[in-house]
Amino acid sequence: RLPEVNGMEILYLLKRRFPSMKIVVFTGSVTADKVRLAFEGGADGFIEKGAGLEDFKLAIDAIQEGRRYFGSHVRQMLVEMKGVGVLDVLN
């Protein structure tokens, strides 16, 4: 939680200004809205705080290979969303 702006707003601002910047969302509050906003905002990854260090390694490896990484709970939320266009990213 940030005092004047939220993390999703920062994601959109940074991706607009620095499109090649790699950004992983790291949060303890996972909601469908946050997942959708992060995906649509171009987040390169999304990890829950309780996921563990292995998820960080998987995210870093995926991003270095030019892929996006979403933790298992986040992936499930993306699959359940309609019209987000995630199947190519998740395969």
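Let me begin with Phe-26, which is partly exposed at a relative accessible area of 39%. By the convention used here, buried means under 20% relative accessible area, exposed means over 50%, and partly exposed lies in between, with a 1.4 Å probe and protein chains only. Please note that this is a predicted model, in which local features need pLDDT of at least 70 and side-chain atom pairs count only at pLDDT 80 or more, while totals for chains, interfaces and linings use all residues. Residues are numbered from 1 along each chain as its sequence is written, and side-chain values use heavy atoms, with hydrogens and water left out.

Phe-26 belongs to strand E1 (residues 24–27) and Phe-56 to helix H3 (residues 53–64), so their pairing ties together parts that are 30 residues apart in sequence. Helices (H or I, at least four residues) and strands (E, at least two) are DSSP runs, numbered from the N terminus. Phe-56 is likewise partly exposed, at 30%.

How many aromatic pairs does the model hold? The count comes to 2, where rings of Phe, Tyr and Trp (its six-membered ring) pair if their centres lie within 6.5 Å, with planes under 30 degrees apart called stacked, over 60 edge-to-face and the rest tilted. For Phe-26 and Phe-56 the centres are 5.1 Å apart and the planes stand at 50 degrees, so this pair is tilted.

The other pair is Phe-39 with Phe-70, also tilted, at 5.9 Å centre to centre and 45 degrees between the planes. Because Phe-39 lies in helix H2 (residues 32–40) and Phe-70 in strand E3 (residues 69–70), the pair ties together parts that are 31 residues apart in sequence. Phe-39 is buried at 8% relative accessibility, and Phe-70 is buried at 1%.

Three strands form an open sheet in the order E1-E2-E3, with parallel pairing; two strands pair if DSSP finds at least two bridges between them. E1 and E3 stand at the edges with a single partner strand each, so one side of each has no neighbour in the sheet. E1 pairs with strand E2 (residues 45–48) over 4 bridges, and Phe-26 stands opposite Ile-47 in E2.
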